Amino acid sequence: MNRLLFLLLMVFALPAPAAGLTVSAASSLTESFRDIASAYEAVHPGTKVDLNFAASGVLLQQISRGAPVDVLATADTATMEQAAKSGLLETDSRQTFASNQLVVVVPPGRKNAPGALSALAGKGVQRVAIGNPDSVPVGRYARTALQEAGLWDAITARAITTQNVRQSLDYVARGEVDAGFVYASDYQAMPGRVVRAFDVPLKAPIRYPLSVVKDSARAAEARRFVAFVISPQGQAILRRHGFGAP
């Protein structure tokens, strides 16, 4: 047999590489889920986790349009509820796995940093980064807090709308805005590049849920990943990245 033909036959006889488990997660989970994916792959040799990060609303749109996703993790319960109502989830697999805190951050070295929401409407603040409330949970949390404080109309005039929480964080870190609404975990992701000005009080806590997607081709593996996230090892990783208990 021709040597080249033999080699070609051997190549085609090899099994195709196993496709990875696709996990779509909110942007604020970037560092923590990368570490969780690595830890999961170490515990389960031969597995591969493919991560997709975006605003929670964008992730929902992707799944509703047929994107092949196995696990969805959002930064709010509202988006997950919408996914459930649309019949996109294996609802019995849904778990709340973390909590977070809304904070306002400012660039380093800023003088007279705001210490409360009311200060954002002052003369010293010209631009405030806020996630798009239509698709970004942190933007909805910020809007709710500002509406309850009677400041929403005043702040929208100086708001710079962003597509996800990490874009808000980047704008602050680069000094392109005077302040921005992010999560405590995001602040921890950029030590020294932003300053935590103050925590924003909310009546309802910020909860992070995740679930197996209904049309997942790897439902058993997806359930095993969900179980890992809520396991002591997964929870320890989340705490290390600044997330609170579920």
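Select Phe33, Tyr40, Phe97, Tyr141, Tyr183, Tyr208, Phe225, Phe228 and Phe243, which form one aromatic cluster. Rings of Phe, Tyr and Trp (its six-membered ring) pair if their centres lie within 6.5 Å; planes under 30 degrees apart count as stacked, over 60 as edge-to-face and the rest as tilted. The model is predicted: local features need pLDDT of at least 70 and side-chain atom pairs count only at pLDDT 80 or more, while totals for chains, interfaces and linings use all residues. Residues are numbered from 1 along each chain as its sequence is written, and side-chain values use heavy atoms, with hydrogens and water left out.

**Aromatic pairs**

Eight aromatic pairs are found in a search of the whole structure. Display Tyr40 and Phe225 next: their ring centres are 5.3 Å apart and their planes stand at 75°, so the pair is edge-to-face. Because Tyr40 lies in helix α2 (residues 30–43) and Phe225 in helix α9 (residues 219–229), the pair ties together parts that are 185 residues apart in sequence. Helices (H or I, at least four residues) and strands (E, at least two) are DSSP runs, numbered from the N terminus. Tyr40 counts as buried at 0% relative accessibility, and Phe225 counts as buried at 0% as well. Buried means under 20% relative accessible area, exposed over 50%, and partly exposed in between (1.4 Å probe, protein chains only).

Move to Tyr141 and Tyr183, an edge-to-face pair with 6.3 Å from centre to centre and 70° between the planes. This pair links distant parts of the chain, with Tyr141 in helix α5 (residues 137–148) and Tyr183 in strand β8 (residues 179–183), 42 residues apart. Both Tyr141 and Tyr183 are buried.

**Asp76**

Select Asp76, in the loop between β3 and α4 (77–85). With 3% relative accessibility, Asp76 counts as buried. Its side chain makes a polar contact of 2.9 Å with that of Thr79 (a pair of N or O atoms within 3.5 Å; within protein, one must be able to donate a hydrogen and the other to accept it, and residues adjacent in sequence count only if both atoms are side-chain atoms). Not counting residues up to four places away in sequence, Asp76 touches Ser56, Pro137, Arg140, Tyr141, Arg207 and Pro209, contact meaning heavy atoms within 4.5 Å.

**Strand β10**

Finish at strand β10 (residues 206–212): six of its seven residues are buried, so the strand is largely enclosed by the rest of the structure. Strand β3 (residues 71–73) runs antiparallel to β10 and is joined to it by three bridges; two strands pair if DSSP finds at least two bridges between them. Here Leu72 stands opposite Ser211. Five bridges join strand β4 (residues 95–100) to β10, also antiparallel, and Ala98 has Tyr208 as its bridge partner in β10.
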